[in-house]
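Please work through the following exercises with the sequence and the coordinates open beside you. Each one sets a task and then gives a solution in steps.

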Amino acid sequence: MSEPVLNNIRTRRVVRELTDEAVEREGIETILEAARWAPTGGNLRPIRYVVVEDPETRRLIRLVAPGMFQKAPVLILICINWAIIEQHKMTDSDRTSLIDVGGAAQTMMLAAQAIGLASGPVTSFSKEAIKVILNLPGSYSPEMFICIGHKAEGARGGMRAWKKITWRDLTHWERFEDS
């Protein structure tokens, strides 16, 4: 892996404080193009995106999204199109589509970092209200918002860890061993 890729991974942070500066359409499209390349189980591609830039729609979304602390100029909603899942005879207990959501989210946040934008995920929202606000088809379930924008001056990224954690703290070799 190249050093620029590793550096992008190491420096990406969840940012909760964003400016109201507009995000160029080209940047949004770059992020969506990156998401298209995210891994997907069985190459089914059940993930769909809704980009929200309208200030009034974003305001309504924030009313039903207690986890959305930032006032991002761009929201990208990641949805699962369950019609695709059903078409392939997969059950809704199959976790593949949720893994697809996570892969798409991480890919979008890394792409945002690579082009100089800040981002943060939000999963705390009323799914039913979001379906109504965004007029989602019945087969779509809203799963996660990615807030995109420019980092505010002096904003800190992410939550502070209690202690520095290394990969060694998170890893067991061959089998689980109590430490």
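## Exercise 1: Aromatic pairs

F145 has a relative accessibility of 0% and therefore counts as buried. The model is a predicted one, and the exercises should be read with that in mind.

**Task.** Determine how many aromatic pairs a search of the whole structure finds, and classify the geometry of the pair formed by F125 and F145.

**Solution.** Step 1: the search of the whole structure returns 2 aromatic pairs. Step 2: for F125 and F145, the ring centres lie 5.1 Å apart and the ring planes stand at 70°, so this pair is edge-to-face, given that planes over 60 degrees apart fall into that class. Step 3: the pair links distant parts of the chain, since F125 sits in the loop between β3 (118-122) and α6 while F145 belongs to strand β4, 20 residues apart. Step 4: F125 is buried, with a relative accessible area of 12%, and F145 is buried at 0%. Step 5: the rings of W167 and W173 have centres 6.4 Å apart and planes at 85°, so this pair too is edge-to-face. Step 6: W167 is partly exposed, its relative accessible area being 46%, whereas W173 is exposed at 63%.

## Exercise 2: The buried side of helix α3

**Task.** Find which residues of helix α3 are buried, and state what covers them.

**Solution.** Step 1: within α3, which spans residues 55-63, the buried residues are T57, R58 and I61. Step 2: these residues cover an arc of only 100° around the helix axis, which puts them on the same side of α3. Step 3: the face turned away from that buried side carries P55 and L63, which are exposed. Step 4: the cover over the buried residues includes the strands β1 (47-52), β2 (74-81) and β4 (140-149), together with helix α6 (127-133).

## Exercise 3: Salt bridges

**Task.** Give the number of salt bridges, and describe where the partners R25 and E53 lie.

**Solution.** Step 1: the count comes to 6 salt bridges. Step 2: one of them joins R25 to E53, with the closest N and O atoms 3.8 Å apart. Step 3: R25 lies in helix α2 and E53 in the loop between β1 and α3, so the pair ties together parts that are 28 residues apart in sequence. Step 4: R25 is exposed, with a relative accessible area of 53%, and E53 is partly exposed at 33%. Step 5: in helix α3, R59 and E56 meet in a salt bridge with an N to O distance of 2.7 Å, and these two residues are 3 residues apart, about one turn of the helix. Step 7: K131 is partly exposed at 25% relative accessible area, while E128 is exposed at 54%. Step 8: salt bridges that share partners join R25, E29 and E53 into one network.

## Exercise 4: Cysteines

**Task.** State how many disulfides the structure holds, and whether C79 is buried or exposed.

**Solution.** Step 1: the structure holds 0 disulfides. Step 2: C79 is buried, at 0% relative accessibility, and C147 is buried at 0%.

Methods
Residues numbered from 1 in each chain as written. Predicted model: local features only at pLDDT ≥ 70, side-chain atom pairs only at ≥ 80, totals over all residues. Heavy atoms only, no water. Buried < 20%, exposed > 50% of the residue type's maximum accessible area, 1.4 Å probe, protein only. Helix = DSSP H or I, 4+ residues; strand = E, 2+ residues; numbered from the N terminus. Arc of directions from axis to C-beta. Contact = heavy atoms within 4.5 Å. Phe/Tyr/Trp six-rings, centres within 6.5 Å; stacked < 30°, edge-to-face > 60°. Disulfide = S-S within 2.5 Å. Salt bridge = Lys/Arg side-chain N within 4 Å of Asp/Glu carboxyl O.
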